[in-house]
Amino acid sequence: MVNLDKHAGEGVVKDVSRMFLDMTPKNLLALIAVGLIGGLLSGFIGSGGAFVLTPAMMSLGVPGAVAVASNMCHKFPKAMVGTYKRWKYGQVDLKLAFTMAVTAIIGVQIGIKVQKAILHAWGNAGSNLYVSAVFVVVLVVVGGYVAYDAMKLAKGKDGDESGHQTSKLALRLQKINLPPMMHFKVAKVRISAWITIPVGLCTGLLAATIAVGGFVGVPGMIYVIGASAMVASATELGIAFVMGAWGSLQWGLSGLIDIRLSLLLLSASLIGVQLGALGTTYVKDYIIKIVMASVMLIVAVSRGVLVPGYLADVGMRAPLDPAMARFLEQVSFWSLLAALLSSGLIITAAMISGMSKAKKDELELARQEVHNG
């Protein structure tokens with residue numbers, strides 16, 4: 001795929017400079033800022049970093065395949081830290097994470113083969129088009145449904161103390177007694193292992209295709225398996241660790257990981273992921289879903305407006321007018337910036353509000369203890 005041999009066949013990338021981003025001060029600062037917010041999202045909703053980081057890197061000029069590979073490489077150490085942090089809060093179902101990770105690895109293998117085939121046939125332009133098109137479809141479908149569900153929870157009176165309400169689909173699937181049946185203690189779910197297989201497979205497939213397996217993994221665990229959003233987002237970190245380590249090995253063998261990007265993103269996102277994980281202890285379930293849906297839908301706009309340009313690059317439509325192309329690039333940039341800022345503000349506000357309430361409750365409890373002697 002990437003080979004410096006000038007006599008290699010067609011479809012083989014021979015000029016490495018075309019594949020890797022110039023590390024100017026502007027790009028350096030942008031990558032650190034994006035990594036910090038990506039880490040904040042990952043710690044908070046379990047999958048947020050990747051779906052912001054891949055489009056952000058592409059907006060800076062990184063080819064789609066390199067963005068996906070470098071993103072996956074930075075992801076697994078961060079996921080390991082996030083998993084440990086949220087395991088200490090009792091939110092990670094390790095048994096569910098291991099069960100889904102096994103099938104997710106198969107999905108990763110399939111996804112990498114698809115990406116390689118597209119890159120071989122259409123080069124970077126084809127890869128950019130493929131990654132963006134998949135992003136838009138998945139973001140609109142999943143983000144739209146999560147937004148609808150979050151609004152129901154915010155208005156409704158159902159659900160447990162954390163605001164969690166098991167979906168009707170999950171309740172029906174939990175009644176299917178198809179051996180082997182598995183009990184996931186932390187998720188408080190008993191379900192057939194066969195139900196977890198397609199969820200894990202699709203999670204791995206999407207992770208290797210656009211570096212965002214959590215788009216399927218988290219909603220899948222919530223709406224198909226029946227875990228709460230808090231447990232699903234925490235468990236997804238464990239799955240992401242296993243998938244990321246395996247996928248990075250595969251992408252590394254293909255020569256598509258830019259280790260500079262991976263290290264920069266990792267250094268900034270490690271700070272954010274711990275803050276995000278802390279924030280989950282102070283918010284209700286529907287807040288996590290609102291953040292997830294908001295970012296997904298805004299990023300969908302950011303990627304969607306660039307699809308006409310990518311179609312022109314691969315010859316599927318007439319070239320865009322230069323003024324229109326610049327306008328669409330500006331819309332993409334500012335909408336992505338809006339997604340980053342809005343998610344950071346929502347998480348920070350929710351965390352401050354929750355911490356303030358917890359502090360007041362502690363003071364009130366101490367006052368009552370003193371009053372009662």
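This is a predicted model: local features need pLDDT of at least 70, side-chain atom pairs count only at pLDDT 80 or more; totals for chains, interfaces and linings use all residues.
Residues are numbered from 1 along each chain as its sequence is written, and side-chain values use heavy atoms, with hydrogens and water left out.

**View 1. The whole protein chain.** The protein chain has 12 helices and two strands. Helices (H or I, at least four residues) and strands (E, at least two) are DSSP runs, numbered from the N terminus. Along the sequence, the pattern reads α-α-α-α-α-β-β-α-α-α-α-α-α-α. Of the 373 residues, 51% count as buried; buried means under 20% relative accessible area, exposed over 50%, and partly exposed in between (1.4 Å probe, protein chains only). Contact means heavy atoms within 4.5 Å. Among the contacts in the protein chain with a separation of 6 or more, 78% come from residues 24 or more positions apart.

**View 2. Helices α7 and α8.** Helix α7 covers residues 214-225 and helix α8 covers residues 229-253. Their axes come within 9 Å and cross at roughly 140°, which makes α7 oblique to α8. Axes are lines fitted to C-alpha atoms, for helices over the stretch in contact, and angles run from 0 to 180 degrees between N-to-C directions. Angles under 35 degrees count as roughly parallel, over 145 as roughly antiparallel, 65 to 115 as roughly perpendicular, and the rest as oblique. The crossing of α7 and α8 is right-handed. A crossing is left-handed if the near helix is turned anticlockwise from the far one by less than a right angle, and right-handed if clockwise. On the α7 side, the contact is made by Gly214, Gly217, Val218, Met221 and Ile222. On the α8 side, the residues are Ala229, Ala232, Ser233, Thr235, Glu236 and Ile239. By class, this contact of α7 with α8 has six nonpolar, four polar and one charged residues. Ala, Val, Leu, Ile, Met, Phe, Trp, Tyr, Cys and Pro count as nonpolar, Asp, Glu, Lys and Arg as charged, and the others, Gly among them, as polar.

**View 3. Gly214 and Gly204.** Gly214 counts as buried because its relative accessibility is 0%. Gly204 is 10 residues from Gly214 along the chain, and their C-alpha atoms are separated by 9.0 Å.

**View 4. Helices α6 and α8.** Helix α6 (residues 193-210) packs against α8 at an angle of about 50°, with the axes 10 Å apart. That angle makes α6 oblique to α8. The crossing of α6 and α8 is right-handed. Thr203, Gly204, Ala207 and Ala208 of α6 meet Glu236, Ile239, Met243 and Trp251 of α8. The contact of α6 with α8 has five nonpolar, two polar and one charged residues.

**View 5. Helices α3 and α8.** Helix α3 (residues 64-88) and α8 pack at an angle of about 140°, and their axes are 7 Å apart. The two helices are therefore oblique to each other. Here α3 passes α8 in a left-handed crossing. The residues of this contact of α3 with α8 divide into 15 nonpolar, seven polar and two charged.

View 6. Pro180 sits in the loop between α5 (168-174) and β1 (181-184). The peptide bond from Pro179 to Pro180 is cis, with omega near 0°. Lys188 is found in the loop between β1 and β2 (189-192). Although Lys188 is not a glycine, its phi is positive, at about 60°. Lys188 counts as exposed because its relative accessibility is 74%.

**View 7. Val299 in helix α10.** Val299 lies in helix α10 (residues 285-304). At 0% relative accessibility, Val299 counts as buried. Val299 and Phe333 are 34 residues apart in sequence, and their C-alpha atoms are 9.9 Å apart in space.

**View 8. Two cysteines.** Cys73 is buried, with a relative accessible area of 13%. Cys202 is partly exposed, with a relative accessible area of 39%. How many disulfides does a search of the whole structure find? The search finds zero, where a disulfide is a pair of cysteine sulfur atoms within 2.5 Å.
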